[in-house]
Amino acid sequence: MDFKIAVLPGDGIGPEISLQGVNVMSAVCEKFGHTAEYKYALCGADAIDKVGDPFPEETFRTCMDADAVLFSAVGDPRFDNDPTAKVRPEQGLLAMRKKLGLYANIRPIETFECLIHKSPLKDEIVKGADFVCIRELTGGMYFGEKYQDNDKAYDTNYYTRHEIERILETAYGYAMRRNRHLTVVDKANVLASSRLWRQVAKEMAPKYPEVTTDYMFVDNASMRMIQEPGFFDVMVTENTFGDILTDEGSCITGSMGLLPSASTGEHTPVFEPVHGSWPQAKGLDIANPIAQILSVAMLFEYFNLKEEGALIRKAVNASLDANVRTPEIQVEGGAKYGTKAVGEWIVNYIKEA
Ligand code: IPM
Ligand code: MG
């Protein structure tokens, strides 16, 4: 395949991990006879500084023209600490999701055998946990009508049947390819929007008789996730619940620096790490590039290039086994590896495989 990739490095550690992702992409392409043409584009605080817009029109065009977007991270403390700031880096991310129609956010929660001790949960609870959260990404309170004055404020948790149906279809697709267990997470005991979700899901479930569908309130789901993560196979939920639950899920693994995600929908799909821009680590060569590198594996898998994805996963596992790890997951007394060194080791492994 001849890939056209839009690369959006963004802020903080973004550019450093982006480079490692691109290098891995190129190494895999070379190995399997693909080509990749990269076009870099601005986003986040970087784009605000340079052109005054966190998701400029030109970036949007570059994304639309590409087969896939390799996104890194946006966010800058200069904006977090200023409640009066009119433009914020995060608006760029939301604009990208909306404009590219990225309604399905796929966040796998996997464990790495050799890192289980890093999880705050007991080993026996974490072992074998392996599920996917499918988060609705372009609806709900994030995008519903908002209002704020000095005395009152509201956000509207608005969902249409169409939005619910298409995300449930995505979720059932994953459940069919996995262990055929779908958990619909909502708050149908309180919220009207959740009741519509549940109603639509109940209508749809008979279309997938091979899949066991169950329904769980979000408060209960957040508890179950740390009590018995092995219960879940595929979980589907609305935008806000998905935001919260996937941060919780990322802790099961032990390091946020390991988890990739994909956002797919109407236009170009986006592949990115789950973690943010970690501004304090910017330029220090300490950020873990693995989440970004695994997002490249998800990219290949999206195009049904399974061997390519599998080789990246194998290379990442080999790096962990060889203790070629960034500081936050390094074993005691283990050698010091930075972002670049881990990336280079993985690239070499791919070349020699
Ligand atoms: C995420 C992030 C974003 C979100 C922020 C940065 C706007 O937390 O991707 O989970 O809330 O969706
Ligand atoms: Mg989040």
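A residue is called buried under 20% relative accessible area, exposed over 50%, and partly exposed in between, with a 1.4 Å probe and protein chains only. The structure is a predicted model, in which local features need pLDDT of at least 70 and side-chain atom pairs count only at pLDDT 80 or more, while totals for chains, interfaces and linings use all residues. Residues are numbered from 1 along each chain as its sequence is written, chains are lettered from A and ligands numbered from 1 in the order in which they are written, and side-chain values use heavy atoms, with hydrogens and water left out.

The protein contains 13 helices and 12 strands, taken as DSSP runs numbered from the N terminus (helices: H or I, at least four residues; strands: E, at least two). The radius of gyration, taken over C-alpha atoms, is compared with a globule rule of 2.2 Å times the number of residues to the power 0.38. For 353 residues a compact globule would have a value near 20 Å, and the 20 Å of the protein agrees. The C-alpha trace spans about 55 × 50 × 40 Å along its principal axes.

Of the 353 residues, 54% count as buried. The accessible surface is about 15600 Å², with 51% of it belonging to carbon and sulfur atoms; areas come from the Shrake-Rupley method with a 1.4 Å probe. With contact defined as heavy atoms within 4.5 Å, 74% of the contacts between residues at least 6 apart in sequence join residues at least 24 apart.

Aromatic pairs were assigned to rings of Phe, Tyr and Trp (its six-membered ring) with centres within 6.5 Å; planes under 30 degrees apart count as stacked, over 60 as edge-to-face and the rest as tilted. The count comes to 11 aromatic pairs. In one of them, Phe3 and Phe303, the ring centres are 5.5 Å apart and the planes lie at 75°, so the pair is edge-to-face. Phe3 belongs to strand 1 (residues 2-10) and Phe303 to the loop between helix 11 (290-302) and helix 12 (306-321), so the pair ties together parts 300 residues apart in sequence. Phe3 is buried at 1% relative accessibility, whereas Phe303 is partly exposed at 22%.

For Phe271 and Tyr302, the ring centres are 5.8 Å apart and the planes at 65°, so this pair is edge-to-face. Phe271 lies in strand 12 (residues 270-273) and Tyr302 in helix 11, 31 residues apart. Phe271 is buried at 1% relative accessibility, and Tyr302 is partly exposed at 40%. Phe3, Phe271, Phe300, Tyr302 and Phe303 form one aromatic cluster.
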